[in-house]
Amino acid sequence: MRDLVLVLGDQLDLASSAFDGFDAARDAVWMAEVAEESTHVWSSQPRIAIFLAGMRHFAQALRDAGRPLHYRRLDDPGTRESLAAQLSIDIAALRPQRLVLTRPGDWRVLQALQAVAADAGLQLDLREDHHFFTTPSDFAAHARGRHGLRMEYFYREQRQRFGILMDGGQPLGGAWNYDAENREAFGAQGPGFDMPQPPRFEPDAITREVIALVRERFASHPGRLDSFAWPLTRAQALQALDAFVTERLPLFGPYQDAIWPGEPWLYHAQLSAALNLKLLTPQEVVAAAEREVRAGRVPVASGEGFVRQILGWREYVRGIYWTRMPGYANANALDARRDLPAWYWNGDTDMACLRDAIQQTLDHGYAHHIQRLMVTGLFALLYGVEPRQLHGWYLSVYVDAVEWVELPNTLGMSQYADGGLMASKPYIASGKYIARQSPLCDRCRYRPDERVGERACPFTTLYWDFLLRHEARFADHPRLALQVRGLARVNEAERARIRAQAEVLRALP
Ligand SMILES: Cc1cc2nc3c(=O)[nH]c(=O)nc-3n(C[C@H](O)[C@H](O)[C@H](O)COP(=O)(O)OP(=O)(O)OC[C@H]3O[C@@H](n4cnc5c(N)ncnc54)[C@H](O)[C@@H]3O)c2cc1C
Ligand code: SF4
């Protein structure tokens, strides 16, 4: 054998760079389902199922394409626990001359596979991943000599470089950013019965077999599989993309930050898992959105808001990850040391907003961005959860969670653990923010405008406690000073009450 092409669970594309120059007469593909990828963090059942089912469908596509495949199933007798252990014994049996790999999504996996290649005395041909607009070196070049690394400047550069939503040298519609138009909440009636629902992909025989395996082998893991209906093949992912850009993208912008109880999808794309498994390329997703904008079927503000998430945030967080790892994983600028409350794993809390976001996460392996940032993330930030523990939770529970994207979002954007490299200020708010974005507070035993007392909203208590704990650090901060100045109206007795109530909250199980 000449090349053994290693394909990981998030590299499910026949056109992946690892296949450049593939010769079916001399090369073969290697894939392995190993337990460690589901247990190094306590992966939820939906997350395990999407990776295993995606891999098994891709194995079928490889066989159909006539590419020789060595596929190790989790339930095959003798399957090793880790990718490294499995690959080592397969190299000894298959004796390839070289290993080929597209850059993995996880620093830990890259280190492990490089070590296996070195031990076996084999060259590892590591190739860049075409499923991004930019490479880690592009990002490093952008970052060189800059003090701050704001996403906005990086994003504008990419718009110009790739000519996306541009009108000659100017941004389409005249502005780079339409954020101000993209912050509506639903009225009292809610999103309405005519809100288009995303397509569901009912489990076929391959997926049903995986679901049974996950239920049995990972019975103690969090999450549920009763409503598992994610796209798992390229054809399904393309169908999901088409349904999104034609039905929900027009209203994506205005309702990007809205939350509605019992409605997990709203006008969001639900495309992150398909993108991260590489069933779709960001280039085709962005092109589909731009086509709708240029045809006049989608307002520029919605189209731009969506493109910014993919061409801006998605590329930017990947750049942060690869240029800052491995040290980034230990960042803890606010010195947060509390344990993650146990109810993050089961949603058993009487805070209505957190219960809704976590239950939905466990049911679907999904929550939209504002739920991640301004409900589960905000609470952990105010509570003072140790960032690494929270990182373990986000990496476990979402079907789109791969470390390159999850880690910077959790540590940088949500927890300010990198001290402001990614976010220009900590995203802190009291319960009143959630009251503005959703009707959840009306259905909750707490009151968002009360910070002490029996009915005080824990977000609000912890928000004021956060300001008190970090008053000195942020007193002169250009974007937070105004919030800190609010403390001037809080007398000593009230400060003591806030601190005491926050400690009671933290002592709860
Ligand atoms: C604490 C935290 C953890 C997160 N963990 C993940 C994760 O593990 N995997 C993941 O893909 N995203 C993660 N995100 C980003 C974002 O929340 C999800 O990409 C989004 O909710 C996925 O749903 P959607 O496809 O409906 O996205 P939409 O809201 O419809 O957005 C469209 C697309 O833009 C991209 N996108 C949007 N926001 C971001 C972002 N901040 N970073 C990178 N890409 C983005 C995604 O590919 C997404 O599919 C996280 C955000 C936070 C605050
Ligand atoms: S009152 Fe507080 S805890 Fe209850 S839903 Fe509103 S923000 Fe959440």
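Predicted model: local features only at pLDDT ≥ 70, side-chain atom pairs only at ≥ 80, totals over all residues.
Q: What makes up the division of the protein chain into domains?
A: The assignment, automatic or from a database, gives domain 1 (3-127), domain 2 (136-202 + 227-324) and domain 3 (342-507).

Q: How do you know that domain 1 and domain 3 are in contact, and how many residues does the contact take from each?
A: Contact requires heavy atoms within 4.5 Å. The contact takes 13 residues from domain 1 and 14 residues from domain 3. The C-alpha centres of these two domains lie 38 Å apart.

Q: Why is the largest cavity said to lie between domain 1 and domain 3?
A: Both domain 1 (3-127) and domain 3 (342-507) give residues to its lining, so the largest cavity lies between them. The volume of the largest cavity is about 400 Å³. Its lining has 26 residues, and those closest to the centre are G9, D10, E37, R47 and F51. Two or more lining residues come from each of α1 (36-39), α2 (45-64) and α4 (107-120).

Q: What makes α2 stand out in the lining of the largest cavity?
A: With 5 residues, α2 gives the most to this lining.

Q: What is the class make-up of the lining of the largest cavity?
A: The lining divides into 14 nonpolar, 5 polar and 7 charged residues. Asp, Glu, Lys and Arg count as charged, and D10, E37 and R47 are among the residues closest to the centre of the largest cavity.

Q: How many cavities of 30 Å³ or more does the structure hold, and what is the volume of the second largest cavity?
A: The structure holds 4 cavities of 30 Å³ or more. The second largest cavity has a volume of about 110 Å³. Among its 14 lining residues, C353, C441, C444, C457 and F459 are the closest to the centre. The elements α12, α16 and α17 (458-469) each give two or more residues to this lining.

Q: Which cavity corresponds to the space taken by ligand 2, and what does it mean for a molecule to sit there?
A: Ligand 2 takes the space of the second largest cavity. The criterion is that more than half of the atoms of a molecule lie within 2 Å of the grid points.

Q: What makes a residue part of the shell around ligand 2, and which residues are these?
A: One heavy atom of the residue must lie within 4 Å of the molecule. The residues around ligand 2 are M351, A352, C353, G431, I434, L440, C441, C444, Y446, P448, C457 and F459. At least two of the shell residues come from each of α12 (352-364) and α16 (431-437).

Q: What is the class make-up of the shell around ligand 2?
A: The shell comprises 11 nonpolar residues, 1 polar residue and no charged residues. Gly counts as polar, and G431 is one of the residues around ligand 2. The lining of the second largest cavity, by comparison, has 12 nonpolar, 1 polar and 1 charged residues.

Q: What volume has the second largest pocket, and which element gives the most to its lining?
A: The second largest pocket holds about 340 Å³ of space. Its lining has 18 residues, with D350, M351, Y446, L505 and L508 closest to the centre. Both α13 (369-383) and α20 (492-507) supply at least two lining residues, and α20 gives the most, with 3 residues. By class, the lining comprises 12 nonpolar, 3 polar and 3 charged residues.

Q: Why is the phi of K278 noted?
A: Most residues other than glycine have a negative phi. The phi of K278 is near 75°, a positive value in a residue other than glycine. K278 is placed in the loop between α9 (272-276) and α10 (282-294).

Q: What kind of peptide bond joins M325 and P326?
A: The bond is cis, with omega about 10°. Most peptide bonds are trans. P326 is found in the loop between α11 (300-324) and α12.

Conventions. Residues numbered from 1 in each chain as written. Chains lettered and ligands numbered in written order. Heavy atoms only, no water. 1 Å grid on protein atoms, 1.4 Å probe; cavity = no way out; pocket = protein on both sides within 12 Å on 5 of 7 lines; lining within 4 Å. Helix = DSSP H or I, 4+ residues; strand = E, 2+ residues; numbered from the N terminus. Points joined across faces, edges and corners; volume = space filled by probe spheres on them.
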